[in-house]
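Trainee: I have not looked at this structure before. Can you walk me through it?

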Amino acid sequence: MGGDERSLGAHHSLGIAECNPDFRSYENVFVNVPVDETAHAWRPARFMVIAAHPDDADFGPAATASAWIDAGSVGWLVCCTSGDAGGEDPDIDPGELGALREVEQQAAVAVVGYAGVTFLHQPDGALDNDLPLRELLVREIRTFRPDAILATDPEVLFYRDGGVNHSDHRAAGMAAVDAVYPAARNPMAFPWLAKGGLAAHIVRRLYLFWPNDPNVWVDVSSTIHRKIEALRAHASQIHEPEKLESRIREWATETGAKIGATAAEAFRLVVIEDDQDEAPHAPTSDAEAAAETDAAAAAETDVAAADG
């Protein structure tokens, strides 16, 4: 984040405010996703975090990402910018700062356990939800093929407990939403990608972090320390890590109380695709996911043979 203009405010990254039901889009039908004040159980086999700046993902859902990865998920991080405007010294070279922040983010990626990170090198402080950014995100989504995307809640302009959501955060969140639905799943969107081998891909769920109105809470009691360690990697932005650690633990404890956990992170969940027979957990590994795909293909073959 970096700089006072990206202040998180008092508590907004934790979504402690009163919450209302969310709604999910299923083509042209809106289905209620009620608030669930128990620990959220569903876990994606593959997920992608899309953030505006280096360190956004670590101030955001790093503990959730760590917990999912520990349980067998595979995660990938996309930073739209390199944070080259995230400083308070006007004499510093933006290119050098951006390069430093990429190194810091890569160190944090290793702490959380992501499979990798992509930097899109968009203009820091001037991020725009335009077609070029959407194409870049669709390319990332179709390449990694995640079940879920985690992104900043783009509808939040002012936080209820004080503070303004940075314009880059809003742009990155909206760009992520637009890339997920309908662009990534539509082969006619950026058709050269499909013709080049990047087939359309359906993302099943959106987890929007830093929401005013959360509806799910993930228990991160066992991984909150990883969030703090990841944040420590951003030394160019965090000058009092001990004070920050105290605040992070305090906020996570308050959020955890919502579900009776030692620590939690809150999200606004939007379910885009949900099967009636969907299990509460996704496959725990790529191998298990592949096995389920093979089993489904075999079943289809058996049905086709029977019909014949």
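Trainee: Which residue's backbone oxygen lies 3.1 Å from a polar atom of the side chain of Arg 142?

Mentor: Keep in mind that this is a predicted model. Arg 142 sits in helix α4, residues 131-144. Its contacts beyond four places in sequence include Ala 184, Pro 187, Phe 190 and His 201. The backbone oxygen at 3.1 Å belongs to Ala 183.

Trainee: How far from Arg 142 is the nearest side chain of opposite charge?

Mentor: Arg 142 is buried, yet it has no salt bridge. A salt bridge needs a side-chain nitrogen of Lys or Arg within 4 Å of a carboxyl oxygen of Asp or Glu. The nearest side chain of opposite charge is Glu 135, at 9.1 Å.

Trainee: How many helices and strands does the chain have, and what share of its residues is buried?

Mentor: The secondary structure comes to nine helices and nine strands. The chain has 308 residues. The share that counts as buried is 50%.

Trainee: What span does helix α3 reach from its first C-alpha to its last?

Mentor: Helix α3 covers residues 94-112, which is 19 residues. At 1.5 Å a residue, 27 Å is expected. The model comes close to that, with a span of 26 Å.

Trainee: Which residue has a side-chain oxygen that reaches the backbone nitrogen of Gly 95?

Mentor: Look at the two ends of α3. Just after the helix, Gly 113 takes a positive phi of about 110 degrees. At the start, a side-chain oxygen comes to within 3.0 Å of the backbone nitrogen of Gly 95, and that oxygen belongs to Asp 93.

Trainee: Why does Glu 229 count as partly exposed?

Mentor: Glu 229 lies in helix α7. Buried means under 20% relative accessible area, and exposed means over 50%. Glu 229 falls in between, so it counts as partly exposed, with a relative accessibility of 42%.

How values were computed
Residues numbered from 1 in each chain as written. Predicted model: local features only at pLDDT ≥ 70, side-chain atom pairs only at ≥ 80, totals over all residues. Heavy atoms only, no water. Helix = DSSP H or I, 4+ residues; strand = E, 2+ residues; numbered from the N terminus. Buried < 20%, exposed > 50% of the residue type's maximum accessible area, 1.4 Å probe, protein only. Lys, Arg positive; Asp, Glu negative; His and termini not counted. Polar contact = N/O pair within 3.5 Å; in protein donor to acceptor, adjacent residues only side chain to side chain. Contact = heavy atoms within 4.5 Å. Expected span 1.5 Å × (residues − 1).
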